[in-house]
Structure formats: structure tokens, C-alpha cells
Amino acid sequence: MDVKTADLCDDYSDQLRTASPGLKSYGKKKSFHGPISTVQVKDDNVLVKKALETIPAGNVLVVDGMGSQNCALMGGNLAAVAEKRKLAGIIIHGYIRDSLEVAGTDVGVLALGTFPLKSKKEGKGEEGIPLTFGNVVWHPGDYVYVDEDGVVLAEGKLHD
């Protein structure tokens, strides 16, 4: 079921937080939605991989990579994990690599851009915490809705 962000804004504007533009779409799915799971990391994707392997199917993993331009936090292998586990999508305040592989996966992926260098593997960061970027706060368990028009967040599910 496609849920259009413009329609949500028309019907529920008082219940929504609208993320500022700037994220680009890289996955095959251009429209996706689901409950939010969060990870905050800096130049290290161990917790990103762990979350992709453990969060519930249908969830959207939101990664605050602090906008770091030092490396990519996800590539084709992790996008394939998300696809296999039937995650709704991944939103990264940071960069990805292997963009052609990511584009071939049936998952939604938003990121700031691409960068070919892989990340560190130290396991540093935090999971399941509120994140702040894009002029909104991303709370674990809230719902995010994404399509070609933008990204909106709500405290709960806004559709049947």
C-alpha cells in the first residue's frame, strides 16, 4: 500500500514532523514507511550491520552518521541483508557506497550521497536512542513515511 506524504500532510499536518530536504534516494523502493529503529555512529558501521540483522521486518532503520564525509556507512552487502530480512527501508544521515548494487535491492534507501571508502569496524555508537537531524527528532517506535516528495514522521501509524 502506497502512502503519499502529500496526502498525509493534507490530512494530518498537526500530527506530523517534516524532515528538511537533502536526502537522496538510492534503493529500488522510492516509497516506504514503517516504525523507526535508530542507531547513532561516527565512521563505524558495526552497529548498522547489527541493527539490519536484528530489527523487526517492516521497520525502517534510521542511522545518524553525524553527516560525516569520511566514509560510507552502508553498501550493497548490507542493503542485501535489509532486503532479505524484509525491512521497509534505511535512512542514513551519512553516505553509502556500491550505489548500483543498492539500487538493485528491493528496499528503500535514503542517504546524503555516495563515497567509496568503507567505514571502521570498532562497534562504537549507540542504539535505540532519539536522533536529531533534518530539523526533526527521530524517536524509536515512531512512524516514518517516505516517497518522492519527502519524509514525514508521526508518533503513530496514520493509515490502515
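Start by selecting valine 144: in this predicted model, valine 144 is buried, with a relative accessible area of 0%. Color strand 11, residues 143-147, and you will find valine 144 within that strand.

Now show what surrounds this side chain. Leaving out residues up to four places away in sequence, valine 144 touches Phe32, His33, Gly34, Ile36, Val60, Ile91, Trp138, Val151, Val152 and Leu153. Valine 144 and serine 20 lie 124 residues apart in sequence, yet their C-alpha atoms are 13 Å apart in space.

**Next stop: two helices**

Select residues 46-54, which form helix 2, and residues 76-84, which form helix 3. Because angles under 35 degrees count as roughly parallel, helix 2 is roughly parallel to helix 3.

Which residues make the contact between them? On helix 2, show Val48, Lys49, Leu52 and Glu53; on helix 3, show Leu78, Val81 and Ala82. Coloring this set by residue class gives five nonpolar residues, two charged and no polar ones.

**Next stop: the cysteines**

Select cysteine 9 and cysteine 71. Are they buried or exposed? Cysteine 9 counts as partly exposed, at 29% relative accessibility, whereas cysteine 71 counts as buried, at 5%. A disulfide is a covalent bond between the sulfur atoms of two cysteines. With a limit of 2.5 Å between cysteine sulfur atoms, the count of disulfides comes to zero.

**Last stop: two positive phi angles**

Go to methionine 66, in the loop between strand 4 (60-64) and strand 5 (72-74). Its phi is near 60°, a positive value in a residue other than glycine. Methionine 66 counts as partly exposed, with a relative accessibility of 44%.

Then move to asparagine 135, in the loop between strand 9 (131-133) and strand 10 (136-138). Asparagine 135 is not a glycine either, and has a positive phi of about 60°. With a relative accessible area of 71%, asparagine 135 is exposed.

Definitions and conventions: Residues are numbered from 1 along each chain as its sequence is written. This is a predicted model: local features need pLDDT of at least 70, side-chain atom pairs count only at pLDDT 80 or more; totals for chains, interfaces and linings use all residues. Side-chain values use heavy atoms; hydrogens and water are left out. Axes are lines fitted to C-alpha atoms, for helices over the stretch in contact, and angles run from 0 to 180 degrees between N-to-C directions. Helices (H or I, at least four residues) and strands (E, at least two) are DSSP runs, numbered from the N terminus. Angles under 35 degrees count as roughly parallel, over 145 as roughly antiparallel, 65 to 115 as roughly perpendicular and the rest as oblique. Contact means heavy atoms within 4.5 Å. Ala, Val, Leu, Ile, Met, Phe, Trp, Tyr, Cys and Pro count as nonpolar, Asp, Glu, Lys and Arg as charged, and the others, Gly among them, as polar. Buried means under 20% relative accessible area, exposed over 50%, partly exposed in between (1.4 Å probe, protein chains only).
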